[in-house]
Amino acid sequence: MVKLSERLKCVAELITPGLKVADIGCDHGYLPIYLIQNGISDSVIASDVNVGPLEKAIDNIETYGLSTSIDTRLSDGLKMFEPEEVQCIVMAGMGGNLVIDILNDGVAVTDEAKELILQPQSDIERVRRYLQSNGFIIVSESMVFEDGKFYPMMKVKHGEQRWDKDVYFIYGKILLREKNPVLHQFLIQEKDYLVDLYSNLSCADQTENVRTRLREVERKLTYNDEALEIISSENPVEIDRVLV
């Protein structure tokens with residue numbers, strides 16, 4: 001049995017069992033192998049834009065004897081996919097701007113998919129805003145801490161979403177409302193970092209660049225405090241997770 005990182009195991013847990021999955025940017029193909037071995041999916045397409053990782057994925061798939069269950073494809077995002085070919089699209093471990101570019105270029109494919117599983121490595125606020133503005137709803141969120149890094153991720157479906165606070169896009173409304181312990185850990189560490197940064201900037205020569213940076217840190221601290229207030233509240237909250 002293939003072993004996954006905690007990050008990829010958490011990604012796998014977000015996938016609705018029984019769907020045909022496309023892993024975009026499959027790297028060495030471990031996630032597709034895991035999905036087949038654990039009965040989460042019986043048909044997976046492992047895709048990558050680079051020949052080297054795809055060849056390694058093919059070797060791994062053959063080693064585990066899963067060539068009949070896992071198709072491999074050289075593709076720049078979703079460009080080599082047809083509508084209705086896959087039901088679940090996974091994009092994990094790539095930058096948020098790249099995620100958005102792939103979604104923009106692959107509208108014909110994403111329109112027919114039942115769900116997206118996204119784990120952007122950066123620009124996650126921008127990804128969340130893009131989803132809301134383009135007919136998607138975030139129905140579930142999770143977050144793991146591994147090897148010194150925090151990894152937020154989400155399950156996305158077609159629908160209308162109306163998040164109305166900046167803090168929800170920055171940190172994730174569902175993570176906040178469900179009081180996710182990993183997000184709580186992140187918020188505490190982020191606040192310590194921002195407080196130290198603000199103190200150091202305050203002691204520096206007050207150039208225009210430093211003053212601009214101070215205002216930016218103040219803004220981030222404001223949202224951090226708002227998020228900590230939400231996640232630390234003992235008051236009962238209505239969970240927004242959509243269990244589908």
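Colleague: Which helix gives the largest share of the lining of the largest pocket?

Modeller: Helix 9, with 5 residues; helices here are DSSP runs of H or I, at least four residues, and strands are runs of E, at least two, numbered from the N terminus. This is a predicted model, where local features need pLDDT of at least 70, side-chain atom pairs count only at pLDDT 80 or more, and totals for chains, interfaces and linings use all residues. Residues are numbered from 1 along each chain as its sequence is written, and side-chain values use heavy atoms, with hydrogens and water left out.

Colleague: What classes of residue make up the lining of the largest pocket?

Modeller: There are 13 nonpolar, 2 polar and 8 charged residues. Nonpolar is Ala, Val, Leu, Ile, Met, Phe, Trp, Tyr, Cys and Pro, charged is Asp, Glu, Lys and Arg, and the others, Gly among them, are polar.

Colleague: And by class, what has the lining of the second largest pocket?

Modeller: That lining has 10 nonpolar, 8 polar and 5 charged residues. Strand 4 gives its largest share, 3 residues.

Colleague: Switching to helix 2: why is it largely enclosed?

Modeller: Because 6 of its 8 residues (30-37) are buried, meaning under 20% relative accessible area with a 1.4 Å probe, protein chains only. The buried ones are Leu31, Pro32, Ile33, Tyr34, Leu35 and Ile36.

Colleague: What covers them?

Modeller: The cover includes helix 1, strand 1, strand 2, helix 3, strand 3 and strand 4.

Colleague: Which residue follows helix 2?

Modeller: Gly39 follows, and its phi is positive, near 70 degrees.

Notes: Buried < 20%, exposed > 50% of the residue type's maximum accessible area, 1.4 Å probe, protein only. Contact = heavy atoms within 4.5 Å.
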